[in-house]
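Subject: Structure for you to look at

Hello,

Here is the structure I said I would pass on. Please open it next to this email and follow along.

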Amino acid sequence: MMSGMADRHTDFDVVLLGATGFTGGLAAEYLARHGPPGLRWALAGRDSARLDAVRERVSALGPAGDIVDTVVTDVTDGASLRSVTERTRVLATSAGPYARIGEPVVAACADTGTDYADLCGEREFVDLMWLHHHERALATGARIVHACGFDSVPHDLGALFTVQQLPAEVPVTIAGYVRAGGGISGGTYHSAVRSFSRVRTTAKVAERRRRSDARPRGRCVRALPDRLRRGPDGTGWAIPLPTIDGAVVRRSARALDRYGPDFAYGHFALMKGLPVAVGTVVALGAVVAVAQLPPGRDLLLRARPVGRGPSDEQRATSWFRIQFVGEAGGRRVVTEVRGGDPGYDGAALMLGESALCLALDDLPGTAGQVTTAQSMGDTLRERIQAAGIGFRVVSST
Ligand SMILES: NC(=O)c1ccc[n+]([C@@H]2O[C@H](COP(=O)([O-])OP(=O)(O)OC[C@H]3O[C@@H](n4cnc5c(N)ncnc54)[C@H](OP(=O)(O)O)[C@@H]3O)[C@@H](O)[C@H]2O)c1
């Protein structure tokens with residue numbers, strides 16, 4: 001942390017921005033139930049009456065529920081935002097779509113040396129924030145951690161867990177195979193449609209970052225070829241999954257020597273049969289094509305309002321399972337990360353635990369834009385395991 005900042009960040013351990021939204025509301029409930037007694041925390045948003053309603057709802061849920069404060073701030077008002085980030089150690093935010101309203105929050109945290117955690121799965125936003133705010137965050141000591149939800153905690157920490165089961169200092173190849181069942185919220189849907197409409201810009205921004213971001217010396221990090229393949233042990237079919245997760249795993253590999261001298265990672269969705277796999281690729285391609293032009297995009301956005309998401313009943317039957325197949329030095333290991341509802345209860349758990357981990361745990365010294373594996377690694381894995389996300393070695397030969 002920069003000198004002169006040591007006296008800041010004393011009012012709160014964690015401020016949660018976006019608590020009046022669907023996922024932020026679940027994160028508020030999570031922190032109320034699982035935050036330690038005495039946690040100094042607050043809900044932040046632009047409407048005090050709605051914030052009070054969330055505070056009322058969470059007050060009886062658990063030890064941290066009746067000690068939560070509220071702070072009013074609007075992301076369009078830089079001064080009010082800064083006055084919040086100056087008061088807290090960690091700002092956790094689910095206020096999205098991030099590409100539309102997220103940058104002032106990252107800027108305020110980078111500027112005031114405040115640790116930051118979000119649920120962003122929008123790759124263009126993450127790369128732009130690196131280009132715009134990484135240097136400033138390095139100077140102030142702020143840890144800017146994007147993708148602290150289902151994007152990309154179980155993938156990032158699952159790949160790290162798999163690497164840890166394999167020999168060190170030899171080339172490592174890992175393929176991650178994701179299966180999940182569950183609904184999506186209006187906020188996630190809007191963020192996804194906006195991302196689909198910006199495929200070309202996203203690639204250009206990624207290229208700008210690639211040109212400026214230092215490569216690790218004497219080590220190589222690669223993506224596995226993006227093509228349809230059989231699933232692990234010949235079961236099912238796997239299609240390349242163009243989510244942010246693969247990029248996050250590879251960024252962790254660039255940052256941490258433990259991933260070895262030559263690390264390759266591929267990220268896939270696992271489908272039972274070939275017709276389903278091909279149908280999914282065709283359907284996704286059609287949605288991406290429709291999202292390219294404003295009328296098509298508006299039509300897609302109107303199909304689902306923001307502020308709502310899957311019901312309690314739907315979330316109770318939702319699930320995810322990620323299998324990692326790792327190979328290194330003649331060894332092969334299969335690991336698994338699994339849990340319940342990935343996108344909402346899971347994301348709320350992962351964002352809540354990431355915020356608590358950054359605020360309260362003894363972690364390696366990092367700063368600037370960092371991944372979950374790089375900044376919190378095993379400490380965060382132990383937290384989410386204790387909260388019910390399973391990590392296990394399935395086989396090792
Ligand atoms: N990676 C993951 O696993 C994962 C999972 C779930 C969600 N997400 C992402 O999280 C984001 C939120 O999703 P959601 O479904 O919770 O969306 P949502 O229900 O629409 O919530 C958005 C939140 O942003 C707040 N907000 C909007 N404009 C603001 C402003 N100018 N100042 C302050 N706050 C403002 C809203 O406040 P008001 O109530 O005042 O409008 C609301 O609290 C999306 O980007 C989604 O993609 C990611």
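The model is predicted: local features need pLDDT of at least 70, side-chain atom pairs count only at pLDDT 80 or more, and totals for chains, interfaces and linings use all residues. Residues are numbered from 1 along each chain as its sequence is written.

Domains

The protein chain is divided into domain 1 (12–150 + 347–380) and domain 2 (153–342 + 388–396); such bounds come from an automatic or database domain assignment. The C-alpha centres of the two domains lie 23 Å apart. In all, 26 residues of domain 1 are in contact with 30 residues of domain 2, where contact means that the C-beta atoms, placed from the backbone, lie within 7 Å. On the side of domain 1 that touches domain 2, helix 6 (123–140) gives the most, with seven residues. Helices (H or I, at least four residues) and strands (E, at least two) are DSSP runs, numbered from the N terminus. By class, this side of domain 1 has 13 nonpolar, nine polar and four charged residues. Ala, Val, Leu, Ile, Met, Phe, Trp, Tyr, Cys and Pro count as nonpolar, Asp, Glu, Lys and Arg as charged, and the others, Gly among them, as polar.

Core

The largest nonpolar core has 106 residues, and Val14, Val15, Leu16, Trp41, Ile144 and Leu351 touch the most other members. A nonpolar core is a set of buried Ala, Val, Leu, Ile, Met, Phe, Trp, Tyr and Cys residues joined through C-beta atoms within 7 Å. A residue is buried if 20 or more other C-beta atoms lie within 10 Å of its own, exposed if 12 or fewer, and partly exposed in between. Helix 14 (residues 342–360) gives the most to this core, with eleven residues. The core draws at least three residues from each of domain 1 and domain 2. Leaving aside neighbours within four places in sequence, Leu351 is in contact with residues including Ala27, Ala92 and Cys148.

Ligand

There are 35 residues around the ligand, and Gly21, Thr23, Gly96, Gly149 and Gly187 come nearest; a residue belongs here if its C-beta atom, placed from the backbone, lies within 6 Å of the ligand. Helix 8 (186–196) gives the most to this shell, with four residues. By class, the shell has eleven nonpolar, 19 polar and five charged residues. Both domain 1 and domain 2 supply at least three residues of the shell.

Ala95 is found in the loop between strand 4 (88–93) and helix 4. Ala95 counts as buried because it has 27 C-beta neighbours inside 10 Å. In the loop that holds Pro97, also between strand 4 and helix 4, the peptide bond from Gly96 to Pro97 is cis, with omega near 0°. The peptide bond from Asp151 to Ser152 is cis as well. Most residues other than glycine have a negative phi, and most peptide bonds are trans.

Which residues have a positive phi although they are not glycine? Ala147 has phi near 60°, and Glu169 has phi of about 60°. Ala147 lies in the loop between strand 6 and helix 7 and is buried, because it has 28 C-beta neighbours inside 10 Å. Glu169 is found in the loop between helix 7 and strand 7 (172–181) and counts as exposed, because it has 11 such neighbours.

Regards

Methods:
Contact = placed C-beta atoms within 7 Å.
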